[in-house]
Amino acid sequence: MLICLVGKWLPREIDVKKLNIVFVILIVICGWLVFRWWRVQRRCLKHLAEIPGPFALPLIGNLAQVNVDHDELFSRIVGMRLMWGTRDGINKAWLGQKPYVFLSKACTVEPIIASSRHVDKSYDYQFLQPWLGTGLLTSSGAKWRSRRKILTPTFHFNILEGFVQVFGEQTEVLVRKMGAELGKPSFNVFPYVTLCTLDIICETAMGQRISAQSHSDSDYVRAVYDIGSIIQTRQASLFYQSNIFFRFSSLYKKHQQCIRTLHDFSNKVITERRKEILENAEDADRNEVTKRLAFLDLLIKVSENGSVLSDTDIREEVDTFMFEGHDTTSSAVCWTLYLLGCHPEFQHKVFNELDSIFSEGIYDRRPTLRDLKGMKYLDKCIKEALRLYPSVPILGRKVSKDIQIGKYTVPKGTTALVVLPVLHRDPEVFQNPEKYDPERFSYENTIGRHPYAYIPFSAGPRNCIGQKFALLEEKVLISGVLRKYRLEATERREDITTTAELVIRAKNGLHIRIHPRFT
Ligand code: HEM
């Protein structure tokens, strides 16, 4: 009928019979495509149905169960394994039409994280893109591969050695600032440490001092804080995830303002630094000796005047370091300080280690790389804190091809989430998993442990490029605090509500009391 009607309006010379044949062929092709799509869907659904998980409603899936506050959502994700099967280390849930699998055992995590095929990040990372563009953390495919190759040498140990001085300088400020809390019953350690790690990352990434510890109300510092909070809100709220709704919300205006402040700052620093390098081209060698290099300088160097990396590419990477390199370290430092405050027996062991390292010289001097290498017990305390409270609690990957995980097939298109706090508490690997016990990381106790049972810095091709930097920084900060103060936790662990935002946090802060070690 429709064909006849259309035919009436067509020029005479077009043959309606031929048109009919074309329409029939089109309908057959469409039907075949739909059938194929349906067959794939049916196969995917069949595979997904075998994976244990909560009952999902048609269309909305488990949306009603996950549309809750960050801390509640985190508890539910962690609790899912207990509710829906601890044995296999794999569970499933549906966010609307999108299937998610949660992986929480070394043998289920390895096939995804070790693979060079499933390296693309999941959908949730897109909210970082307005700020970070497609820098190392958020990029995929060929772009990620080429960037990773370019950036790896900038984290060489010799370069990190130059940053130890910055860590030491900023730790002195931190220790001085914390002194204001002496004699007080308790304080939240998070804001102090976060401003310190922000100072450190700004100076090491961009070569810029922002003195966040002294001027926490600067536009840039505020923008870093605000954008983090907006991104978290978007990740957790279905309403804000939609670009259309987000654009019409009041949050959007603030979001755009933050992005402008952050990008203006990085652009200005890059332009000025490039100009400086050009102007000093003749005595560049002399400059390198006298001026400490930042990651930015190294990126400008490898950029080959824009042919390898444009200014926008450089900004993406510098912003990525700013984002990935301060909150993560701050969280790790705070949890270690807090846990040592809960366990005076381990804290005293760290005191003894520090006393033996610094007794030869002035106790207040800045640590050298050699001193840091000698802090073996502190190293175990940090690792154990990262086991219980991994700074990045969830890793997301797009499954780009059907993959066999244990006895289950996870179909292409699923989002795989590795839940680190659950992985790190597997009782088959870590007996009495809730207990804070640094000895789990003694040489003898790590022999034979599955390499994917403990991965706070992720593992495989997309592991953390900054992990050596982070561990050195943590040691400088924690040893700096513990050389001056004795810590006492003023809250029990059982009373702390943990929440997973961009990093793992205590919902109401981590409260400790400090006492002078020497009077
Ligand atoms: C205790 C501190 C840190 C922890 C626990 C940590 C953890 C992680 C984890 C788990 C990933 C993988 C993320 C994912 O798969 O989604 C990652 C990636 C990354 N981290 Fe870190 N990180 C820390 C500090 C740092 C620092 C200080 C820097 C930079 C100076 C940094 C830069 C990066 C970058 C650029 C990536 C992306 C790597 C890629 O995809 O190739 N991180 N980090």
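Let's start with helix α2, which covers residues 16-50: its 35 residues reach 51 Å from the first C-alpha to the last, close to the 51 Å expected at 1.5 Å a residue. Keep in mind that this is a predicted model.

**How α2 begins**
- The N-terminal end of α2 has a cap, and D15 provides it.
- In that cap, a side-chain oxygen of D15 sits 2.8 Å from the backbone nitrogen of K17.

- I21, I25, I29, W32 and L33 make up a nonpolar surface patch of about 510 Å².
- One of the patch residues, I25, belongs to α2.
- I25 counts as partly exposed because its relative accessible area is 46%, which falls between the 20% and 50% cut-offs.
- As for helices in general, residues three or four places apart point the same way, because there are 3.6 residues a turn.

**The buried part of α2**
- C44, H47 and L48 are the buried residues of this helix.
- Their cover includes three strands: β1 (90-95), β2 (98-103) and β6 (408-410).

- Is S479 buried or exposed? S479 is buried, because its relative accessible area is 0%, and buried means under 20%.
- A polar atom of the S479 side chain lies 2.7 Å from the backbone oxygen of K475.
- Leaving aside residues up to four places away in sequence, S479 touches L354, M375 and L378.

Terms used:
Residues numbered from 1 in each chain as written. Predicted model: local features only at pLDDT ≥ 70, side-chain atom pairs only at ≥ 80, totals over all residues. Heavy atoms only, no water. Buried < 20%, exposed > 50% of the residue type's maximum accessible area, 1.4 Å probe, protein only. Polar contact = N/O pair within 3.5 Å; in protein donor to acceptor, adjacent residues only side chain to side chain. Contact = heavy atoms within 4.5 Å. Helix = DSSP H or I, 4+ residues; strand = E, 2+ residues; numbered from the N terminus. Expected span 1.5 Å × (residues − 1). Patch = residues over 30% accessible without salt bridge, like charges linked within 9 Å, V, L, I, M, F, W, Y side chains within 5 Å. Areas by Shrake-Rupley, 256 points an atom, 1.4 Å probe, with all protein chains shown as cover. Salt bridge = Lys/Arg side-chain N within 4 Å of Asp/Glu carboxyl O.
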